Amino acid sequence: LSLCGYYEHFARERIQVFGRGEISYLNQLSAQVRQETLCRFFSYDLPCVVVTRGLQPPTEMADAAHHTGTPLFTTTLATPVFSRRLLLFLEDEFGPFEIVHGDFVEIFGIGVLILGKSGIGKSECALELIRRGHRIIADDAVLLKWVSGHRIFGTSAHVLKHFMEVRGLGIIDVLTLFGATAVRSRKRVELIVALEFWDENKDYNRSGLDDETYPILGEELPYVVVPVQPGRNTSIVVEVAAMNLRARKLGRHAAQEFNEALIQHIQSEPAELELEIDEWDDDLGI
């Protein structure tokens, strides 16, 4: 609409994309009208202009871009493909983000963010998970980004992504020690596991019926608290938590199935007891 002279709601702060329709429209204009149209279009402070499908921009467009100092690009990609890739890139670069202190690992395809106080054993837990065949994405500082579709992706906030700090050992290179299959650069966060020191006075979740969530960047993610104490294998508990979430995604909710089976057993128990009494009466000849 802006090429036709309607600028009332012109989104000049956005990247302007010219496809086959826009270029065809400009080419059918006379040289004078085309120059006037493009001069007015480029008079606004535009981030840049992109011409798709490998089309040749009109000479007047190149002149107007050069005169106003507006970047002008071309691409061989079709307009829908370019727009989709551009939106993903801009969202990833400029979307909401935050950095959290923790470890981020991939367990059976599930992105698990391990949180907890300093010194509680997050890195040791992640190291044991790596040794069990899982992959590390970030240690100590995790960069979280929100993308469309209500998704949170995590990556390392450090430049050297495959290094870990283990108390007592110092810095280790996961890539060198465990190989390329032990590291990953980016993953969607699907489960939050919080490690905390065992508190005898606290009532921990023992049934799994009450699903807890943890807020990150406006999204509520599944949340599990794992108490830590000597002799407890924390890494196995975290691994099983990821496996349990994967089973739920496949439609198997162990806690609900157990609860339903227990209720059904309780409801049928009186009838079974009456049947047993009748059988005892028959045996006794009563």
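## Val105 and the main nonpolar core

Leaving aside residues up to four places away in sequence, Val105 touches Ile110, Gly111, Val112, Ile114, Ala126, Leu129, Arg135, Ile136 and Ile137. The model in which these contacts are found is a predicted one. Val105 also belongs to the largest nonpolar core, a set of 27 residues in which Val105, Val112, Ile114, Leu195 and Val238 have the most contacts. Two or more residues of this core come from each of strand 4 (97-107), strand 5 (110-116), helix 5 (122-131), strand 8 (163-166), strand 11 (191-197), strand 13 (219-228) and helix 7 (234-249), and helix 5 gives the largest share, five residues.

In helix 2, which spans residues 31-41, the buried residues are Arg34, Thr37, Leu38 and Phe41. Because they cover an arc of only 90° around the axis, these four are placed on the same side of helix 2. The cover over the buried residues of helix 2 includes strand 1 (16-18), helix 1 (20-27), strand 2 (49-51) and helix 3 (59-68). Glu36 is also found in helix 2, but it counts as partly exposed, at 49% relative accessibility. From Glu36 to Phe104 the C-alpha atoms are 55 Å apart in space, and the two residues are 68 apart in sequence.

## A nonpolar patch on the surface

Phe108, Ile236, Val240 and Met243 form a nonpolar surface patch, whose accessible area together is about 330 Å².

## Salt bridges

The count of salt bridges comes to ten. In one of them, the side chains of Arg135 and Glu106 meet at 2.7 Å, N to O, which links Arg135 in strand 6 (residues 135-147) with Glu106 in strand 4, distant parts of the chain 29 residues apart. Glu106 is buried, with a relative accessible area of 7%, whereas Arg135 is partly exposed at 26%.

Glu128 and Arg131 form a salt bridge at 2.9 Å, N to O, and because they are three residues apart in helix 5, about one helical turn separates them. Another salt bridge joins Glu190 and Lys249 at 3.3 Å, N to O; Glu190 lies in the loop between strand 10 (186-188) and strand 11, and Lys249 in helix 7, so the pair ties together parts that are 59 residues apart in sequence. Finally, salt bridges with shared partners join Glu106, Arg135, Arg184 and Lys187 into one network.

Notes
Residues are numbered from 1 along each chain as its sequence is written. This is a predicted model: local features need pLDDT of at least 70, side-chain atom pairs count only at pLDDT 80 or more; totals for chains, interfaces and linings use all residues. Side-chain values use heavy atoms; hydrogens and water are left out. A nonpolar core is a set of buried Ala, Val, Leu, Ile, Met, Phe, Trp, Tyr and Cys residues joined through side-chain atoms within 4.5 Å. Buried means under 20% relative accessible area, exposed over 50%, partly exposed in between (1.4 Å probe, protein chains only). Contact means heavy atoms within 4.5 Å. The arc is that of the directions from the helix axis to the C-beta atoms. Patches are made of residues with over 30% relative accessible area and no salt bridge: like charges are joined within 9 Å, nonpolar side chains (Val, Leu, Ile, Met, Phe, Trp, Tyr) within 5 Å. Accessible areas come from the Shrake-Rupley method with a 1.4 Å probe; for residues, only the protein chains shown count as cover. A salt bridge is a side-chain nitrogen of Lys or Arg within 4 Å of a carboxyl oxygen of Asp or Glu.
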